[in-house]
2 protein chains.
Amino acid sequence: MKSPAELTERFRAQGLRVTPQRQRIFAALYDNPEHPTAEAVYASVSAEMPTISLRTVYQTLNDLAAMGELVQLELGTGSARFDPNLDGHHHLVCDQCGKVLDVDAEIAGLDLPEDRRQGFVIDATEVVFRGTCPQCAARELSSSTH
Amino acid sequence: MKSPAELTERFRAQGLRVTPQRQRIFAALYDNPEHPTAEAVYASVSAEMPTISLRTVYQTLNDLAAMGELVQLELGTGSARFDPNLDGHHHLVCDQCGKVLDVDAEIAGLDLPEDRRQGFVIDATEVVFRGTCPQCAARELSSSTH
DNA sequence: CAACAATCTGCAACGATTGTTGAGTAGCTC
DNA sequence: GAGCTACTCAACAATCGTTGCAGATTGTTG
(Lines give C-alpha, C1' and ligand atoms only; values in the text may rest on other atoms or scores of the structure.)
Protein backbone atom coordinates (compact mmCIF):
# COMPACT_ATOMS: atom_id res chain seq x y z
CA MET A 1 0.00 0.00 0.00
CA LYS A 2 1.01 3.60 -0.34
CA SER A 3 3.05 5.35 2.30
CA PRO A 4 1.30 7.56 4.86
CA ALA A 5 2.61 10.60 3.01
CA GLU A 6 1.14 9.43 -0.28
CA LEU A 7 -2.15 8.61 1.34
CA THR A 8 -2.21 12.06 2.86
CA GLU A 9 -1.89 13.54 -0.60
CA ARG A 10 -4.56 11.30 -1.99
CA PHE A 11 -6.94 12.23 0.77
CA ARG A 12 -6.36 15.92 0.21
CA ALA A 13 -6.78 15.47 -3.51
CA GLN A 14 -10.19 13.97 -2.87
CA GLY A 15 -11.18 16.83 -0.61
CA LEU A 16 -10.90 14.62 2.43
CA ARG A 17 -9.21 16.01 5.50
CA VAL A 18 -6.15 14.59 7.06
CA THR A 19 -6.72 14.31 10.74
CA PRO A 20 -4.34 12.91 13.37
CA GLN A 21 -6.62 9.90 13.69
CA ARG A 22 -6.33 9.14 10.02
CA GLN A 23 -2.60 9.57 10.04
CA ARG A 24 -2.24 7.06 12.82
CA ILE A 25 -4.39 4.63 10.92
CA PHE A 26 -2.27 5.09 7.80
CA ALA A 27 0.83 4.44 9.83
CA ALA A 28 -0.62 1.42 11.55
CA LEU A 29 -1.51 -0.18 8.23
CA TYR A 30 1.83 0.67 6.73
CA ASP A 31 3.84 -0.69 9.62
CA ASN A 32 1.91 -3.86 9.87
CA PRO A 33 0.64 -4.96 6.50
CA GLU A 34 -1.12 -8.09 7.69
CA HIS A 35 -4.81 -8.54 7.13
CA PRO A 36 -6.11 -6.74 10.15
CA THR A 37 -9.71 -6.55 11.17
CA ALA A 38 -11.10 -3.14 12.02
CA GLU A 39 -10.86 -4.17 15.62
CA ALA A 40 -7.17 -4.96 15.24
CA VAL A 41 -6.44 -1.59 13.68
CA TYR A 42 -8.40 0.03 16.45
CA ALA A 43 -6.41 -1.81 19.09
CA SER A 44 -3.15 -0.81 17.47
CA VAL A 45 -4.05 2.86 17.13
CA SER A 46 -5.68 3.04 20.55
CA ALA A 47 -2.34 2.28 22.12
CA GLU A 48 -1.06 5.67 21.02
CA MET A 49 -4.30 7.57 20.88
CA PRO A 50 -6.65 6.21 23.51
CA THR A 51 -9.51 8.51 22.63
CA ILE A 52 -9.97 7.32 19.07
CA SER A 53 -13.25 5.61 18.43
CA LEU A 54 -13.85 2.37 16.64
CA ARG A 55 -16.31 4.28 14.52
CA THR A 56 -13.54 6.43 13.11
CA VAL A 57 -11.46 3.41 12.27
CA TYR A 58 -14.30 1.88 10.31
CA GLN A 59 -14.92 5.17 8.60
CA THR A 60 -11.33 5.56 7.51
CA LEU A 61 -10.93 1.97 6.42
CA ASN A 62 -14.04 2.32 4.32
CA ASP A 63 -12.70 5.49 2.78
CA LEU A 64 -9.47 3.76 1.92
CA ALA A 65 -11.32 0.83 0.43
CA ALA A 66 -13.51 3.16 -1.62
CA MET A 67 -10.40 4.84 -2.98
CA GLY A 68 -8.93 1.47 -3.82
CA GLU A 69 -6.03 1.92 -1.42
CA LEU A 70 -6.85 -1.32 0.30
CA VAL A 71 -9.09 -4.26 -0.32
CA GLN A 72 -11.81 -5.41 1.97
CA LEU A 73 -11.85 -9.17 2.31
CA GLU A 74 -14.90 -11.13 3.28
CA LEU A 75 -13.69 -14.57 4.12
CA GLY A 76 -16.38 -15.80 6.42
CA THR A 77 -14.18 -15.44 9.46
CA GLY A 78 -16.71 -13.36 11.32
CA SER A 79 -15.36 -9.94 10.57
CA ALA A 80 -14.10 -8.18 7.51
CA ARG A 81 -10.37 -7.99 7.00
CA PHE A 82 -8.59 -5.19 5.26
CA ASP A 83 -5.76 -6.05 2.96
CA PRO A 84 -3.19 -3.34 2.27
CA ASN A 85 -1.55 -5.52 -0.34
CA LEU A 86 -2.94 -4.41 -3.67
CA ASP A 87 -1.05 -6.78 -5.90
CA GLY A 88 -3.25 -9.51 -7.24
CA HIS A 89 -2.73 -12.37 -4.85
CA HIS A 90 -4.64 -15.03 -3.01
CA HIS A 91 -5.20 -16.23 0.50
CA LEU A 92 -4.80 -19.06 2.91
CA VAL A 93 -7.50 -19.06 5.57
CA CYS A 94 -7.46 -21.10 8.74
CA ASP A 95 -10.92 -22.45 9.45
CA GLN A 96 -10.09 -22.85 13.11
CA CYS A 97 -8.70 -19.49 14.13
CA GLY A 98 -9.53 -17.29 11.15
CA LYS A 99 -5.94 -16.40 10.40
CA VAL A 100 -5.32 -15.13 6.88
CA LEU A 101 -2.01 -15.39 5.04
CA ASP A 102 -1.03 -14.29 1.59
CA VAL A 103 -0.25 -16.90 -1.01
CA ASP A 104 2.94 -16.15 -2.77
CA ALA A 105 2.28 -17.93 -6.02
CA GLU A 106 0.86 -17.21 -9.39
CA ILE A 107 -2.21 -19.17 -10.23
CA ALA A 108 -2.66 -19.72 -13.90
CA GLY A 109 -5.82 -20.32 -15.85
CA LEU A 110 -8.04 -18.11 -13.75
CA ASP A 111 -9.63 -16.48 -16.71
CA LEU A 112 -13.23 -17.46 -17.06
CA PRO A 113 -14.12 -17.93 -20.72
CA GLU A 114 -16.71 -15.53 -22.04
CA ASP A 115 -19.22 -18.31 -22.57
CA ARG A 116 -19.08 -19.26 -18.90
CA ARG A 117 -19.67 -15.83 -17.49
CA GLN A 118 -23.42 -15.93 -17.75
CA GLY A 119 -23.47 -12.29 -18.63
CA PHE A 120 -21.44 -11.17 -15.65
CA VAL A 121 -18.88 -8.43 -15.90
CA ILE A 122 -16.02 -9.75 -13.80
CA ASP A 123 -14.07 -7.29 -11.69
CA ALA A 124 -12.01 -9.55 -9.51
CA THR A 125 -11.07 -13.15 -9.05
CA GLU A 126 -10.21 -14.50 -5.64
CA VAL A 127 -8.83 -17.85 -4.73
CA VAL A 128 -9.20 -18.96 -1.14
CA PHE A 129 -7.41 -21.99 0.20
CA ARG A 130 -9.14 -23.13 3.36
CA GLY A 131 -7.61 -25.41 5.88
CA THR A 132 -5.82 -25.55 9.16
CA CYS A 133 -2.80 -23.51 10.08
CA PRO A 134 0.25 -25.11 11.71
CA GLN A 135 -0.58 -23.71 15.13
CA CYS A 136 -4.14 -24.98 15.10
CA ALA A 137 -3.00 -28.33 13.73
CA ALA A 138 -0.57 -28.65 16.63
CA ARG A 139 -3.23 -27.69 19.12
CA GLU A 140 -5.58 -30.33 17.73
CA LEU A 141 -2.91 -32.94 17.94
CA SER A 142 -1.99 -32.22 21.54
CA SER A 143 -5.59 -32.19 22.70
CA SER A 144 -6.39 -35.50 21.03
CA THR A 145 -3.35 -37.32 22.45
CA HIS A 146 -4.38 -35.96 25.79
CA MET B 1 -27.71 -32.82 -3.33
CA LYS B 2 -29.46 -35.98 -2.30
CA SER B 3 -33.14 -36.45 -2.89
CA PRO B 4 -35.58 -35.83 -0.04
CA ALA B 5 -35.96 -39.58 0.32
CA GLU B 6 -32.23 -40.10 0.69
CA LEU B 7 -31.96 -37.27 3.16
CA THR B 8 -34.76 -38.85 5.13
CA GLU B 9 -32.75 -42.01 5.41
CA ARG B 10 -29.61 -40.17 6.37
CA PHE B 11 -31.43 -38.30 9.10
CA ARG B 12 -32.89 -41.49 10.48
CA ALA B 13 -29.51 -43.15 10.34
CA GLN B 14 -28.13 -40.36 12.49
CA GLY B 15 -30.93 -40.71 15.01
CA LEU B 16 -32.50 -37.51 13.82
CA ARG B 17 -36.22 -37.45 13.29
CA VAL B 18 -37.88 -36.65 10.04
CA THR B 19 -40.54 -34.10 10.67
CA PRO B 20 -42.86 -32.47 8.14
CA GLN B 21 -40.89 -29.24 8.55
CA ARG B 22 -37.67 -30.95 7.64
CA GLN B 23 -39.25 -32.70 4.71
CA ARG B 24 -40.46 -29.42 3.31
CA ILE B 25 -37.02 -27.98 3.70
CA PHE B 26 -35.50 -30.95 1.92
CA ALA B 27 -37.99 -30.53 -0.88
CA ALA B 28 -37.46 -26.80 -1.13
CA LEU B 29 -33.71 -27.28 -1.50
CA TYR B 30 -34.13 -30.09 -3.97
CA ASP B 31 -36.60 -28.25 -6.16
CA ASN B 32 -34.65 -25.09 -6.22
CA PRO B 33 -30.95 -25.80 -6.00
CA GLU B 34 -29.86 -22.18 -6.09
CA HIS B 35 -27.82 -20.76 -3.28
CA PRO B 36 -30.60 -19.71 -0.97
CA THR B 37 -30.15 -17.82 2.24
CA ALA B 38 -31.85 -19.19 5.32
CA GLU B 39 -34.39 -16.44 4.88
CA ALA B 40 -35.10 -17.54 1.31
CA VAL B 41 -35.65 -21.13 2.37
CA TYR B 42 -37.88 -19.88 5.11
CA ALA B 43 -39.92 -17.82 2.67
CA SER B 44 -40.29 -20.74 0.31
CA VAL B 45 -41.37 -23.19 2.98
CA SER B 46 -43.60 -20.69 4.73
CA ALA B 47 -45.75 -20.51 1.63
CA GLU B 48 -46.89 -24.07 2.22
CA MET B 49 -46.46 -24.24 5.96
CA PRO B 50 -47.11 -20.83 7.44
CA THR B 51 -46.40 -21.86 11.00
CA ILE B 52 -42.81 -22.92 10.48
CA SER B 53 -40.30 -20.79 12.31
CA LEU B 54 -37.11 -19.32 10.97
CA ARG B 55 -35.41 -20.92 13.94
CA THR B 56 -36.29 -24.36 12.63
CA VAL B 57 -34.98 -23.54 9.20
CA TYR B 58 -31.63 -22.48 10.60
CA GLN B 59 -31.53 -25.59 12.72
CA THR B 60 -32.18 -27.90 9.81
CA LEU B 61 -29.77 -26.15 7.48
CA ASN B 62 -27.09 -26.42 10.11
CA ASP B 63 -27.82 -30.09 10.54
CA LEU B 64 -27.52 -30.62 6.81
CA ALA B 65 -24.28 -28.69 6.69
CA ALA B 66 -22.88 -30.67 9.60
CA MET B 67 -23.70 -33.89 7.77
CA GLY B 68 -22.03 -32.58 4.67
CA GLU B 69 -25.25 -32.64 2.67
CA LEU B 70 -24.82 -29.04 1.74
CA VAL B 71 -22.13 -26.43 1.95
CA GLN B 72 -22.43 -23.18 3.77
CA LEU B 73 -20.99 -20.33 1.74
CA GLU B 74 -19.71 -17.12 3.26
CA LEU B 75 -19.33 -14.71 0.42
CA GLY B 76 -19.63 -11.41 2.17
CA THR B 77 -23.13 -10.82 0.89
CA GLY B 78 -24.56 -10.16 4.32
CA SER B 79 -26.04 -13.52 5.05
CA ALA B 80 -24.83 -17.06 4.67
CA ARG B 81 -25.88 -19.00 1.62
CA PHE B 82 -26.41 -22.71 1.51
CA ASP B 83 -25.22 -24.59 -1.51
CA PRO B 84 -26.88 -27.92 -2.25
CA ASN B 85 -24.42 -28.60 -5.04
CA LEU B 86 -21.69 -30.76 -3.56
CA ASP B 87 -19.57 -31.21 -6.67
CA GLY B 88 -16.39 -29.19 -6.54
CA HIS B 89 -17.31 -26.02 -8.34
CA HIS B 90 -16.88 -22.29 -8.12
CA HIS B 91 -18.99 -19.17 -7.94
CA LEU B 92 -19.90 -15.96 -9.63
CA VAL B 93 -20.96 -13.31 -7.14
CA CYS B 94 -22.70 -10.07 -7.97
CA ASP B 95 -21.29 -7.27 -5.85
CA GLN B 96 -24.43 -5.23 -6.35
CA CYS B 97 -27.25 -7.58 -5.45
CA GLY B 98 -25.42 -10.49 -3.87
CA LYS B 99 -26.65 -13.03 -6.37
CA VAL B 100 -24.58 -16.22 -6.55
CA LEU B 101 -24.31 -18.48 -9.59
CA ASP B 102 -22.37 -21.65 -10.14
CA VAL B 103 -19.47 -21.61 -12.54
CA ASP B 104 -19.68 -24.47 -14.94
CA ALA B 105 -16.03 -24.84 -15.77
CA GLU B 106 -13.04 -26.74 -14.60
CA ILE B 107 -10.28 -24.58 -13.30
CA ALA B 108 -6.90 -26.13 -13.62
CA GLY B 109 -3.77 -25.48 -11.67
CA LEU B 110 -5.44 -24.90 -8.36
CA ASP B 111 -3.06 -27.07 -6.48
CA LEU B 112 -0.89 -25.06 -4.17
CA PRO B 113 2.65 -26.43 -4.15
CA GLU B 114 3.81 -27.78 -0.82
CA ASP B 115 6.41 -25.06 -0.44
CA ARG B 116 3.77 -22.36 -0.71
CA ARG B 117 1.44 -23.74 1.91
CA GLN B 118 3.24 -22.23 4.85
CA GLY B 119 2.46 -25.29 6.91
CA PHE B 120 -1.26 -25.23 6.23
CA VAL B 121 -3.23 -28.39 5.70
CA ILE B 122 -5.56 -27.47 2.87
CA ASP B 123 -9.10 -28.83 2.95
CA ALA B 124 -10.78 -26.85 0.24
CA THR B 125 -10.06 -24.42 -2.54
CA GLU B 126 -12.63 -21.88 -3.62
CA VAL B 127 -12.58 -19.55 -6.54
CA VAL B 128 -14.86 -16.56 -6.44
CA PHE B 129 -15.42 -14.38 -9.47
CA ARG B 130 -16.79 -11.05 -8.35
CA GLY B 131 -18.49 -8.61 -10.61
CA THR B 132 -21.82 -7.36 -11.79
CA CYS B 133 -24.66 -9.53 -12.97
CA PRO B 134 -26.54 -8.72 -16.20
CA GLN B 135 -29.57 -7.40 -14.35
CA CYS B 136 -27.57 -5.04 -12.18
CA ALA B 137 -25.51 -3.93 -15.16
CA ALA B 138 -28.73 -3.06 -17.01
CA ARG B 139 -30.07 -1.19 -14.01
CA GLU B 140 -26.89 0.84 -13.76
CA LEU B 141 -27.06 1.69 -17.41
CA SER B 142 -30.65 2.84 -17.34
CA SER B 143 -30.17 4.98 -14.27
CA SER B 144 -27.12 6.71 -15.71
CA THR B 145 -28.73 7.51 -19.03
CA HIS B 146 -31.63 8.89 -17.08
C1' DC C 1 -7.93 34.43 12.15
C1' DA C 2 -12.75 33.33 10.93
C1' DA C 3 -15.93 30.54 8.93
C1' DC C 4 -17.61 26.53 6.98
C1' DA C 5 -17.87 21.97 6.19
C1' DA C 6 -15.77 17.71 7.18
C1' DT C 7 -14.77 14.85 10.92
C1' DC C 8 -14.82 12.75 15.59
C1' DT C 9 -16.98 10.52 19.33
C1' DG C 10 -20.31 7.88 22.00
C1' DC C 11 -24.18 5.67 21.74
C1' DA C 12 -28.06 3.63 19.70
C1' DA C 13 -29.63 0.76 16.21
C1' DC C 14 -29.28 -2.70 12.72
C1' DG C 15 -29.32 -7.46 10.49
C1' DA C 16 -28.02 -12.19 10.85
C1' DT C 17 -27.76 -15.75 13.80
C1' DT C 18 -28.01 -18.36 18.09
C1' DG C 19 -29.35 -19.24 23.08
C1' DT C 20 -33.16 -20.02 26.29
C1' DT C 21 -37.27 -21.35 28.20
C1' DG C 22 -41.35 -23.83 28.62
C1' DA C 23 -45.25 -25.85 26.78
C1' DG C 24 -47.13 -28.51 23.33
C1' DT C 25 -46.67 -31.91 19.43
C1' DA C 26 -45.54 -35.97 17.23
C1' DG C 27 -41.62 -39.32 15.33
C1' DC C 28 -40.07 -43.77 16.23
C1' DT C 29 -39.37 -48.11 18.63
C1' DC C 30 -41.30 -51.93 20.88
C1' DG D 1 -50.90 -48.04 20.07
C1' DA D 2 -48.13 -46.30 24.04
C1' DG D 3 -44.42 -44.14 25.72
C1' DC D 4 -40.17 -41.93 25.46
C1' DT D 5 -37.92 -38.22 23.75
C1' DA D 6 -36.80 -35.35 20.09
C1' DC D 7 -38.58 -31.77 17.94
C1' DT D 8 -41.21 -27.39 17.18
C1' DC D 9 -42.89 -23.02 18.27
C1' DA D 10 -43.09 -18.58 20.20
C1' DA D 11 -41.26 -14.92 22.29
C1' DC D 12 -37.68 -12.75 23.68
C1' DA D 13 -32.92 -11.69 24.67
C1' DA D 14 -28.28 -11.65 23.45
C1' DT D 15 -24.38 -11.73 20.51
C1' DC D 16 -21.31 -9.83 17.02
C1' DG D 17 -19.77 -6.84 13.41
C1' DT D 18 -20.99 -2.80 11.49
C1' DT D 19 -23.32 1.59 10.53
C1' DG D 20 -26.57 5.83 11.45
C1' DC D 21 -27.08 9.77 14.13
C1' DA D 22 -26.45 14.28 16.91
C1' DG D 23 -23.81 17.33 18.75
C1' DA D 24 -19.20 18.86 19.71
C1' DT D 25 -14.72 19.58 17.51
C1' DT D 26 -11.28 20.88 14.22
C1' DG D 27 -8.82 20.80 9.41
C1' DT D 28 -8.61 23.83 5.64
C1' DT D 29 -9.24 27.70 2.73
C1' DG D 30 -9.48 32.67 1.92
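User: Let's start with β3(A). How many of its five residues are buried?
Analyst: Four of the five. β3(A) is therefore largely enclosed by the rest of the structure. Keep in mind that this is a predicted model.

User: Which way do β3(A) and β4(A) run, and how many bridges join them?
Analyst: They run antiparallel, with four bridges between them. Val93(A) has Val100(A) as its bridge partner in β4(A).

User: And what do those two strands form?
Analyst: A hairpin. Five residues lie between the strands, and Gly98(A) in the turn has a positive phi of about 85°.

User: What about β3(A) and β5(A), parallel or antiparallel?
Analyst: Parallel, over four bridges. On this side, Val93(A) is partnered with Arg130(A) of β5(A).

User: Val93(A) keeps coming up. Which residues have the most contacts inside the largest nonpolar core?
Analyst: Val93(A) is one of them, along with Phe129(A), Val93(B) and Phe129(B). That core has 20 residues. The elements giving two or more residues to the core are β3 and β5 of chain A and β3 and β5 of chain B. As a general point, nonpolar side chains in soluble globular proteins tend to be buried together.

User: What does Val93(B) touch, leaving aside its neighbours within four places in sequence?
Analyst: Leu75(B), Thr77(B), Val100(B), Val128(B) and Arg130(B).

User: Now the contact between the chains. How many residues does each chain put in?
Analyst: Chain A puts in 33 residues and chain B 34 residues. On the chain A side, the elements that give two or more residues are β4 (100–103), β5 (121–132) and α5 (134–144). β5(A) gives the most, with twelve residues.

User: What's that side made of, by class?
Analyst: The side of chain A that touches chain B has 19 nonpolar, seven polar and seven charged residues.

User: How many bridges join β5(A) to β5 of chain B?
Analyst: Eleven, and the two strands run antiparallel. For example, Gly131(A) has Ile122(B) as its bridge partner in β5(B).

User: How well can chain A be laid on chain B?
Analyst: With an RMSD of 0.3 Å, by a turn of 179° and a shift of 0.2 Å along the axis. The two copies are thus related as by a two-fold rotation axis. The same surface serves both copies, as 100% of the contact residues of chain A recur in chain B.

User: Which residue of chain A comes closest to the rotation axis?
Analyst: Val127(A), whose C-alpha is at 2.3 Å.

User: One more. Leu29(B), buried or exposed?
Analyst: Buried, because Leu29(B) has 26 C-beta neighbours inside 10 Å; the cut-off for buried is 20 or more. Leu29(B) sits in helix α2 of chain B.

Note on methods:
Residues are numbered from 1 along each chain as its sequence is written. Chains are lettered from A and ligands numbered from 1 in the order in which they are written. This is a predicted model: local features need pLDDT of at least 70, side-chain atom pairs count only at pLDDT 80 or more; totals for chains, interfaces and linings use all residues. Two residues are in contact if their C-beta atoms, placed from the backbone, lie within 7 Å. Ala, Val, Leu, Ile, Met, Phe, Trp, Tyr, Cys and Pro count as nonpolar, Asp, Glu, Lys and Arg as charged, and the others, Gly among them, as polar. Two strands pair if DSSP finds at least two bridges between them. Copies are superposed by least squares on the C-alpha atoms of residues with pLDDT of at least 70 in both. A nonpolar core is a set of buried Ala, Val, Leu, Ile, Met, Phe, Trp, Tyr and Cys residues joined through C-beta atoms within 7 Å. A residue is buried if 20 or more other C-beta atoms lie within 10 Å of its own, exposed if 12 or fewer, and partly exposed in between; C-beta atoms are placed from the backbone.
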